[in-house]
Every structure is written in structure tokens, then in C-alpha cells.
Amino acid sequence: MPVSWMPTFSKPNSIIKSRFKSEYIIVLFCLTISSMLISIVLVQLFVSILFLLYLFEKNEEKRNAFDGYTAVVFMFGIVRIVAIAFSNYPSSSMPALYKEAFFYMGILPFGFYMKTFFIKLEAIIGVFIISSAIVALVGIILFDLNLVNRAQSISSGYTVFSIFLLQSFTLAVFTSRQLKFKNSYLMGGLSLILILTALITSMGRTNIAIVFIVILCALLMKKINLKFTLSILFIAGTLSFISFKINNNEVNRHIENPTALSDRDVIWEGAAKLAFIHPIIGYGPRTFNDIFPFPERFADKGIGAWHNQYLEIYFESGIIGLFSFIYLLFYL
């Protein structure tokens with residue numbers, strides 16, 4: 001049975017009305033999500049255009065579109081701004097203000113316009129999955145050309161790349177029976193193969209483990225069929241094997257030291273030492289290199305972050321920021 005690629009989302013009870021044609025907004029949405037991990041400049045450009053259009057919408061419609069999710073995101077954003085204002089290292093934290101500003105700018109128009117064309121969400125999801133496959137292909141090419149030790153994108157490292165693809169892979173698997181493109185086997189299957197191959201060659205062990213949990217859950221919930229899944233796994237596994245034959249630098253390092261914790265033991269030791277010094281509002285965003293006590297003990301001298309979202313938010317925004325983030329996850 002071929003995997004289909006068209007979601008059948010139910011229409012909400014009330015649709016927010018925009019001044020602009022939904023076709024134009026959908027194009028901007030698709031351009032925005034297809035630029036992720038390819039060009040930060042393009043993402044900022046398209047988000048800015050969406051925000052400007054949002055400003056010209058009717059105030060009544062904007063009030064109707066503002067919901068609890070938007071409020072919770074802005075609550076977390078306010079905590080981040082306070083953390084920047086009281087940062088122990090302002091020069092390190094200030095870049096977070098203008099880099100994260102585009103995210104918060106995007107929340108308002110995204111939240112608004114998603115309610116104006118909810119029934120056409122399949123187009124956006126389809127573009128997101130295809131653009132993720134393109135990002136994955138770029139990462140695989142960089143890896144196979146020996147330009148990087150792990151598959152990654154042009155604009156980010158392997159960690160962000162792997163997490164991004166994990167989201168798109170999960171979305172693709174769990175909507176695969178509702179989404180429908182022409183040549184569904186070719187389009188859907190090729191996208192999943194590329195994303196899975198890129199995930200494997202990015203060598204994020206936890207994310208790879210989560211991928212197989214996702215596949216198992218999808219099989220148990222009958223979101224995908226076994227024959228299709230085995231085909232995807234076989235082809236992605238073969239491509240990954242070929243890639244590792246071409247570029248085996250990082251693989252050899254893992255083989256030589258299979259029990260390595262990727263410096264996470266050092267990170268956790270440093271976290272324990274700093275844990276209760278600035279617990280309320282943290283040290284400020286982007287301050288890892290300023291505050292970490294044992295940088296000389298890292299085997300990977302390129303480490304510049306906590307490699308753990310909860311640790312990062314705690315040390316950057318304190319317990320207030322961490323609670324805000326956890327509340328956001330529970331709200332979702």
C-alpha cells in the first residue's frame with residue numbers, strides 16, 4: 001500500500017480573516033521554513049516581511065488570534081530579556097537579543113496567519129519535509145566531500161542539524177498517510193531516506209536512538225507499514241555505510257574510544273560546580289565560554305555550549321527561565 005502525503009486536518013470552528021490573500025502568505029511561510037539551516041539572512045528577511053504584513057491586519061482580528069501559546073512564548077521571551085539585561089557578561093549576551101528577536105517577531109504573524117488558512121496546512125508541512133530533505137542532502141554532500149567530520153548544515157553545527165532533522169523525520173513519519181504528493185513513493189520515500197541518512201552520518205547517538213523509537217511507535221500505531229519501513233532503513237543504511245567508507249575520521253575516533261562521553265562528563269562536573277552561584281536569573285545567554293570552569297579538560301576544543309537544553313536555559317536564564325521553558329513544553 002503506497003504511503004500517501006496529504007493531511008486531512010479538520011477545519012477550526014472560527015477562521016481569522018486577513019487583509020491579504022492566503023496564497024501570498026503561504027508562499028512566505030514556505031520560503032521561511034525552506035530557508036531554515038540554509039540561510040539565516042533569508043529567514044530573517046521573510047520573517048520581517050510577515051511581521052510587517054501582520055502590523056497592517058485589523059486589531060480586532062489580531063486580538064482574536066492571540067492565544068495562550070503565544071502568551072506563554074512571550075512569557076519565556078520576557079525572562080530571556082531580563083537575563084540579558086542582568087547578564088554577568090553583557091558583551092557575550094547582547095547578540096542573543098537581536099538573534100532571538102526574529103524568533104519572537106515570527107511568533108505573532110505565524111500564530112495569526114496559521115489561523116487564516118488552517119485548512120491548507122498540508123502545503124506548508126509538505127514544503128517543510130522537502131526542504132528538510134534538501135538540508136539533509138547538503139549535509140551528506142559536505143560529509144562525503146570530507147569537508148566536515150559529521151554531517152551538518154551550512155549555517156549550523158551537527159547538533160542543531162541533527163535536532164532539526166529529528167523533528168522533520170518524526171513529522172514526516174507520523175503524517176505520511178495523510179500527506180499526498182505526486183509519486184508519493186518517490187517523493188516521500190526519498191525525503192525519509194535522505195533525512196535518515198543525514199541523521200546517521202551526523203552521529204548524534206541519542207538522536208539516532210530516538211529515531212528508531214519513533215519508527216517503532218509509528219509501526220505500532222500503524223502510521224507506516226513494515227515493508228515501506230524496511231525499504232527505507234535498508235537504503236538509508238546502505239548510503240550511510242558508503243558515506244562512512246568515504247569519510248571515516250569521526251567513526252574511527254568512536255571505534256578507538258567507544259565509551260567516550262563526548263566530554264559530557266566534564267560538562268556535568270562543571271555544571272555541578274556552578275549550579276548554585278546564580279540560580280535565580282542565571283549568568284546571561286551565550287555565556288558558556290565565559291563561565292565554564294574546566295575548558296582545558298575538553299578533548300573537543302570546539303565545544304562552546306552546554307550540549308543540554310535544560311542546563312543551557314538554567315545557566316543562561318536561571319530557575320525562572322527553566323520553569324518558564326518547562327511550562328511551555330507542558331502547555332504544548
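Is valine 160 buried, partly exposed or exposed, and what is its relative accessible area? Valine 160 is partly exposed, with a relative accessible area of 45%, on a scale where buried means under 20%, exposed means over 50% and partly exposed lies in between (1.4 Å probe, protein chains only). The model is a predicted one, in which local features need pLDDT of at least 70 and side-chain atom pairs count only at pLDDT 80 or more, while totals for chains, interfaces and linings use all residues. Residues are numbered from 1 along each chain as its sequence is written, and side-chain values use heavy atoms, with hydrogens and water left out.

The protein has 14 helices and zero strands; here helices (H or I, at least four residues) and strands (E, at least two) are DSSP runs, numbered from the N terminus. Of its 332 residues, 45% count as buried. Valine 160 itself belongs to helix α7.

Next comes the packing of α7 with its partner. Two packed helices are described by the angle between their axes and the distance between the axes. The axes of α6 (residues 121-144) and α7 (residues 158-174) come within 10 Å and cross at roughly 140 degrees. Axes are lines fitted to C-alpha atoms, for helices over the stretch in contact, and angles run from 0 to 180 degrees between N-to-C directions. The two helices are therefore oblique to each other, given that angles under 35 degrees count as roughly parallel, over 145 as roughly antiparallel, 65 to 115 as roughly perpendicular and the rest as oblique. The crossing of α6 and α7 is left-handed, meaning that the near helix is turned anticlockwise from the far one by less than a right angle. On the α6 side, the contact is made by Ile125, Phe128, Ile129, Ser132, Val135, Ala136 and Gly139, and on the α7 side by Phe161, Phe164, Leu165, Ser168, Leu171 and Ala172.

The loop between α6 and α7 holds asparagine 146. This residue has a positive phi, near 60 degrees, without being a glycine, and is partly exposed at 39% relative accessible area. Lysine 222, in the loop between α9 (205-220) and α10 (226-246), also has a positive phi of about 60 degrees although it is not a glycine. Lysine 222 is exposed, with a relative accessible area of 65%.

Turning to the aromatic rings, the whole structure contains 20 aromatic pairs. Rings of Phe, Tyr and Trp (its six-membered ring) pair if their centres lie within 6.5 Å; planes under 30 degrees apart count as stacked, over 60 as edge-to-face and the rest as tilted. Phenylalanine 292 and phenylalanine 298 are stacked because their ring centres are 4.9 Å apart and their planes lie at 20 degrees. Both of these phenylalanines are buried. Tyrosine 310 and phenylalanine 325 instead form an edge-to-face pair, 5.9 Å centre to centre with 65 degrees between the planes. Tyrosine 310 is partly exposed at 42%, whereas phenylalanine 325 is buried at 15%. Ring pairs also link Tyr283, Phe288, Phe292, Phe294, Phe298, Trp306, Tyr314 and Phe315 into a cluster.

Conventions: Contact means heavy atoms within 4.5 Å.
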